[in-house]
Amino acid sequence: MGRYSVDEFIEITGQKDLGEGLFELERDRMLELNLNGRVWTKRGSMVAYLGDVKFTREGVLEHGIGKMLKKAVTGEGVSLTKAEGQGKVYLADEGKKISILKLDNDSIFVNGNDLLAFEDGINWDIKIMKKVTGMLAGGLFNVKLEGTGMVAITTHYDPLTLKVTKNRPVFTDPNATVAWSGNLKPDLKTDISLKTLVGRTSGESVQMAFKGEGFVVIQPYEEIPFQAAPPS
């Protein structure tokens, strides 16, 4: 096999079975689902599949009228697709890095735009940070996932996880905050008045404040530039 030959390229880049179960990182930006049943995925994230797999867009009342109303009111972009059957499904999202988390009867909050896939048995709900909605136009909406099973999240570049303790709170930019442990309830922190925020992006003037015991996942990228809310 010659250097830079087609055969070498196929050998280096070819799919490999690692035997890691349902969720498997085929590459750090490509998730392989070894499907035998059903998994929920971010709509539009499928890039290839093998086998007998059916994809169905999330129904209007698929998860109950409560979630439907929340999505209608908030405009939250948590659009899901069911992948059902037997085979291999490959997911990716704009070349973002993928991390797999195994929940064991616990919970995590994830920015809706950073949620790539999760097992069918995991419960989820849209959560609205009410204190933030008055400060930032469009508010800040996240998905709470709880139960036991696999979850895949995405980040621009490598994620960094910060531990939150009672003696050391953590403050983050909402635009760079990806996820946090389900026991934390972030608050809003700002050192300037609402009036001075009008017409600006949030930047460093508005932060999410995490206090208690848990963790926060951030990325070195400001994903969604929230705007200051207009005066009422």
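Which residue in β9 is the bridge partner of Trp-124? In β9, that partner is Leu-145. The pairing belongs to a predicted model, in which local features need pLDDT of at least 70, side-chain atom pairs count only at pLDDT 80 or more, and totals for chains, interfaces and linings use all residues. Residues are numbered from 1 along each chain as its sequence is written, and side-chain values use heavy atoms, with hydrogens and water left out.

The protein chain holds 4 helices and 16 strands. Both are DSSP runs numbered from the N terminus: helices are H or I with at least four residues, strands are E with at least two. The chain has 232 residues, and 44% of them count as buried. Buried means under 20% relative accessible area, exposed means over 50%, and partly exposed lies in between (1.4 Å probe, protein chains only). The accessible surface of the chain is about 12500 Å². Carbon and sulfur atoms account for 54% of that surface. Accessible areas come from the Shrake-Rupley method with a 1.4 Å probe; for residues, only the protein chains shown count as cover. Contacts (heavy atoms within 4.5 Å) were also counted by sequence separation. Of those between residues at least 6 apart in sequence, 77% join residues at least 24 apart.

Strand β9 spans residues 141-155. It is mostly covered, with 13 of its 15 residues buried. Several strands pair with β9, where pairing requires at least two DSSP bridges between two strands. Strand β5 (residues 97-111) runs antiparallel to β9 and is joined to it by 14 bridges. Within this pairing, Asp-106 stands opposite Gly-147. Strand β7 (residues 123-128) is also antiparallel to β9, over 6 bridges. Strand β6 (residues 115-119) joins β9 through 3 bridges, again antiparallel. There, Ala-117 faces Ala-152 of β9 as its opposite residue.

Other strands pair elsewhere. Strand β1 (residues 23-27) and strand β2 (residues 30-42) are antiparallel over 4 bridges. A hairpin of 2 residues joins β1 to β2. Glu-24 has Glu-32 of β2 as its bridge partner. Asp-187 stands opposite Ala-209 in β14.

The structure holds 4 aromatic pairs. Tyr-49 and Phe-55 have ring centres 5.1 Å apart and planes at 65°, so the pair is edge-to-face. Rings of Phe, Tyr and Trp (its six-membered ring) pair if their centres lie within 6.5 Å; planes under 30 degrees apart count as stacked, over 60 as edge-to-face and the rest as tilted. Tyr-49 is partly exposed at 38% relative accessibility. Phe-55 is partly exposed at 28%. In another pair, the ring centres of Tyr-157 and Tyr-221 are 6.4 Å apart and their planes at 55°, so this pair is tilted. It links distant parts of the chain, 64 residues apart. Tyr-157 is in the loop between β9 and β10 (160-164), and Tyr-221 is in the loop between β15 (214-218) and β16 (227-228). Tyr-157 has a relative accessible area of 49% and is partly exposed. Tyr-221 is partly exposed at 36%. Phe-109, Trp-180 and Phe-210 form one aromatic cluster.

Charged groups also sit over rings. The criterion is NZ of Lys or CZ of Arg within 6 Å of the ring centre and within 35 degrees of the ring normal. The charged end of Arg-3 sits over the ring of Tyr-4, 4.5 Å from its centre. Lys-189 lies over the face of Phe-171, 5.6 Å from the ring centre.

Backbone angles were also examined. Glu-94 is not a glycine, yet has a positive phi of about 55°. This residue lies in the loop between β4 (80-91) and β5. Glu-94 is exposed, with a relative accessible area of 72%. Asn-105, also not a glycine, has a positive phi of about 55°. Its place is in strand β5. Asn-105 is exposed at a relative accessible area of 67%.
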